[in-house]
Amino acid sequence: MNRRTPTTIAAEMVANVMSVGVQPGDKVAVGDTVMLLESMKMEIPVLAETPGTVVAVKVATGDVVQEGDILVELSA
């Protein structure tokens, strides 16, 4: 059986989650903003690098994330 592994979107730095713009079941295209992070008073958009369907959102607004933390899982 051929199973696809979900593609993950990870945090690139320590930041606060300002807003989450997707939920499971949403379809995203390359370049879509999936959430906004805040670090050192700067807003950082997190963009989808591959198209797919959101399988899971691993964080919520107000969470603090560390570099490498998984934010969103996508399936092709």
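Predicted model: local features only at pLDDT ≥ 70, side-chain atom pairs only at ≥ 80, totals over all residues.
Let me begin with a pairing that you can find in the structure above: strand 4 and strand 5 run antiparallel to one another and are joined over 6 bridges, where helices (H or I, at least four residues) and strands (E, at least two) are DSSP runs numbered from the N terminus, and two strands pair if DSSP finds at least two bridges between them. Residues are numbered from 1 along each chain as its sequence is written, and side-chain values use heavy atoms, with hydrogens and water left out.

Back to the hairpin. In strand 5, M42 is the residue that stands opposite S39, and the hairpin has 2 residues between its strands. M40, placed in the loop between strand 4 and strand 5, has a phi near 50 degrees, which is a positive value in a residue other than glycine. K41 is placed in the loop between strand 4 and strand 5, and although K41 is not a glycine, its phi is positive, at about 65 degrees.

E43 lies in strand 5 and, at 53% relative accessibility, counts as exposed. Leaving aside neighbours within four places in sequence, E43 is in contact with M18, L36 and L37, contact being heavy atoms within 4.5 Å.

Now let us turn to the inside. In soluble globular proteins, nonpolar side chains tend to be buried together. A nonpolar core is a set of buried Ala, Val, Leu, Ile, Met, Phe, Trp, Tyr and Cys residues joined through side-chain atoms within 4.5 Å, and the largest one here has 17 residues, of which V34, M35, L37, V65, L71 and V72 touch the most other members. Strand 2 (15-20), strand 4 (33-39) and strand 8 (70-75) each supply at least two residues of this core. Beyond its neighbours within four places in sequence, M35 has contacts that include V17, I44, V59, L71 and V72.

Next comes an open sheet of 4 strands, in the order 1-8-6-3, with antiparallel pairing. Strand 1 and strand 3 (27-28) stand at the edges with a single partner strand each, so one side of each is left without a neighbour in the sheet. Strand 3 pairs with strand 6 (residues 52-57) in the antiparallel sense over 2 bridges, and K27 stands opposite T53 in strand 6.

Finally, what is the volume of the largest pocket? It is about 250 Å³. On a 1 Å grid over the protein atoms alone, a cavity is a set of points where a 1.4 Å probe fits but cannot get out, and a pocket is an open set with protein on both sides within 12 Å along at least five of seven lines, while lining residues have an atom within 4 Å of a point. Grid points are joined across faces, edges and corners, and a volume is the space filled by probe spheres set on the points. The largest pocket is lined by 16 residues, with I9, A10, E12, V46 and E49 nearest its centre, and strand 1 (7-10) and strand 5 (42-47) are the elements that give two or more residues to this lining.

Notes:
Buried < 20%, exposed > 50% of the residue type's maximum accessible area, 1.4 Å probe, protein only.
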